Amino acid sequence: MRLIRVASLGITAFIDPVLRPTGLTESSYHTLIVVLASGDKGTTPSALTEQVGQNHANMTRILSVLAAEKLVRVSQDARDARRRRIVATAAGRTLVRTFAARFDPIVKTAFGSLSAADKRTLQRTLRALIESMDAAERMVGPAA
C-alpha cells in the first residue's frame with residue numbers, strides 16, 4: 001500500500017503544478033476527462049463519483065468548480081427530472097486537449113522505465129487490485 005501511495009503522490013506532484021494556473025486540481029482534471037469520455041450523452045454525478053473515486057461531497061464541489069469555469073454543463077436528465085446530466089463543453093474539450101499535449105512528454109518520462117509488457121502487466125495488476133479493494137470496501141460497508 002505504501003508504494004501505491006507514493007506513486008499516487010508522485011503523479012499529483014507533476015500534475016498539480018501544471019494545472020495550477022487553471023485553478024484545477026488532479027481530481028477536477030480527471031473528472032473532466034471522464035466527463036469528456038462519456039460523449040454527447042454525458043454522465044451523472046453518481047457515475048462520476050464511482051469512476052473517479054471521490055465521495056459525493058467532493059464530487060459536488062468538483063462539479064461546481066467545473067461548471068463555474070464553464071468546462072462542463074450540468075442539466076436535468078431528459079428521462080428523469082430528479083437526475084442531473086453532466087456534459088463537457090467546447091471549453092472543457094479544448095482544455096483537456098491542451099493539457100493532454102503538455103502532459104504527454106511528462107507521462108512518457110514518468111513511465112519511460114517500463115517496457116510495453118511491464119505497462120500491460122501493471123494495468124492488469126492494478127485492475128485486479130481495484131476489484132479486490134472494491135470487495136474489501138463492501139466488507140466494511142458504506143462510508144460514514
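Leaving aside its neighbours within four places in sequence, which residues is Arg85 in contact with? Contact here means heavy atoms within 4.5 Å, and the answer is Lys41, Gly42, Thr43, Thr44, Arg73, Val74, Ser75, Gln76 and Asp77.

## Ground rules

This is a predicted model, where local features need pLDDT of at least 70 and side-chain atom pairs count only at pLDDT 80 or more, while totals for chains, interfaces and linings use all residues. Residues are numbered from 1 along each chain as its sequence is written, and side-chain values use heavy atoms, with hydrogens and water left out.

## The whole chain

The chain holds six helices and two strands. Both kinds of element are DSSP runs numbered from the N terminus: helices are H or I with at least four residues, strands are E with at least two. Starting at the N terminus, the order is α-α-α-α-β-β-α-α.

Along its principal axes, the C-alpha trace spans about 45 × 40 × 25 Å. Of the 144 residues, 24% are buried. Buried means under 20% relative accessible area, exposed means over 50%, and partly exposed is in between (1.4 Å probe, protein chains only). Among contacts with a separation of 6 or more, 52% come from residues 24 or more positions apart.

Strands β1 and β2 run antiparallel, joined by five bridges; for two strands to pair, DSSP has to find at least two bridges between them. One example is Arg73, whose bridge partner in β2 is Val87. Strand β2 is mostly covered, with four of its five residues buried.

Now back to Arg85, which belongs to β2 (residues 84-88). Arg85 has a relative accessible area of 18%, so it counts as buried. Its side chain has polar contacts, meaning pairs of N or O atoms within 3.5 Å; within protein, one must be able to donate a hydrogen and the other to accept it, and residues adjacent in sequence count only if both atoms are side-chain atoms. One runs to the backbone oxygen of Gly42 at 2.9 Å, and another to the backbone oxygen of Lys41 at 3.0 Å.

## Helix α3 and its two faces

In helix α3 (residues 45-52), the buried residues are Pro45, Leu48, Thr49 and Val52. They sit on the same side of α3 because they cover an arc of only 105° around the axis, where the arc is that of the directions from the helix axis to the C-beta atoms. These buried residues of α3 pack against α2 (26-37), α4 and β2.

On the face turned away from the buried side of α3 you'll find the exposed residues Ser46 and Glu50. Just after α3 comes Gly53, with a positive phi of about 80°.

The model has three aromatic pairs. Rings of Phe, Tyr and Trp (its six-membered ring) pair if their centres lie within 6.5 Å; planes under 30 degrees apart count as stacked, over 60 as edge-to-face and the rest as tilted. Phe99 and Phe103 make a tilted pair, 6.3 Å centre to centre with 40° between the planes. Both lie in helix α5, four residues apart, about one turn of the helix, and both are buried.

Together with Tyr29, Phe99 and Phe103 form one aromatic cluster. The charged end of Arg102 sits over the ring of Phe99, 4.6 Å from its centre; the rule for this asks for NZ of Lys or CZ of Arg within 6 Å of the ring centre and within 35 degrees of the ring normal.

## Two loop residues

Thr22 lies in the loop between α1 (2-19) and α2. With a relative accessible area of 22%, Thr22 is partly exposed. Leaving aside neighbours within four places in sequence, Thr22 is in contact with Leu95 and Phe99. Its side chain reaches the backbone oxygen of Leu19 at 2.6 Å, and a polar atom of that side chain lies 3.1 Å from the backbone nitrogen of Leu24.

Lys70 is in the loop between α4 (56-68) and β1 (72-76). Lys70 is exposed, at 59% relative accessible area. Its phi is near 60°, a positive value in a residue other than glycine. Most residues other than glycine have a negative phi.
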